Amino acid sequence: MRILHTGPFEVGSFTESRRRAFEKLGHEVIGLDQVPYFRNPRLPFMIRKAQMHSHIGPGVWRYNRDIRKRARDAKPDLIYVDVGAHLWPETVADLRTTGAQIVHFTGEDFAFRTYFYRHLFKAVPLYDVHVIVLPPSRPYLEERGARKIIMSAP
């Protein structure tokens, strides 16, 4: 299976561990690391902070553009999104046109900093599956039209 996997691929992170697990299971993984888009040291500190917390700025725009391009070029069977807060609903809608299944994984508590998830909340019904590790996340997704929610161990 060809998987487009996006998230913060930092050494030692759970996201990186999932990417490696997909590869060990024999899948072809095309990665798109979020880290360079949001932690670019060439950008002023305040712009980096704005991008990480309010999801506006040049890195956010480039990330959304690049995942669309990567999906069109790679033609994946599955798009696996770790940390979907930075993806615009329009981007997720565009990803759906690829025919790939779209899975969103989150270990987040949506009750904290709800403004942080405003794009994700609008895109909830566009994902085929949401994989969660915190039971309190379920009602936030259900209220916004989640198609399917799977509870996983952290």
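The model is predicted, so local features need pLDDT of at least 70 and side-chain atom pairs count only at pLDDT 80 or more, while totals for chains, interfaces and linings use all residues. Residues are numbered from 1 along each chain as its sequence is written, and side-chain values use heavy atoms, with hydrogens and water left out.

The structure holds 12 salt bridges, each one a side-chain nitrogen of Lys or Arg within 4 Å of a carboxyl oxygen of Asp or Glu. One of them joins Arg2 and Glu28, at 3.2 Å from N to O. Arg2 sits in strand S1 (residues 2-7) and Glu28 in strand S2 (residues 28-33), so this pair ties together parts 26 residues apart in sequence. Strands (E, at least two residues) and helices (H or I, at least four) are DSSP runs, numbered from the N terminus.

Glu16 and Arg19 also pair up, at 2.4 Å from N to O. Glu16 is buried at 11% relative accessibility, and Arg19 is buried at 18%. Buried means under 20% relative accessible area, exposed over 50%, and partly exposed in between (1.4 Å probe, protein chains only).

His86, in the loop between strand S3 (78-82) and helix H5 (89-96), is buried at 2%. Leaving out residues up to four places away in sequence, His86 touches several residues, among them Phe38, His55 and Tyr63; contact means heavy atoms within 4.5 Å. Arg138, in helix H7 (residues 137-143), is partly exposed at 30%.
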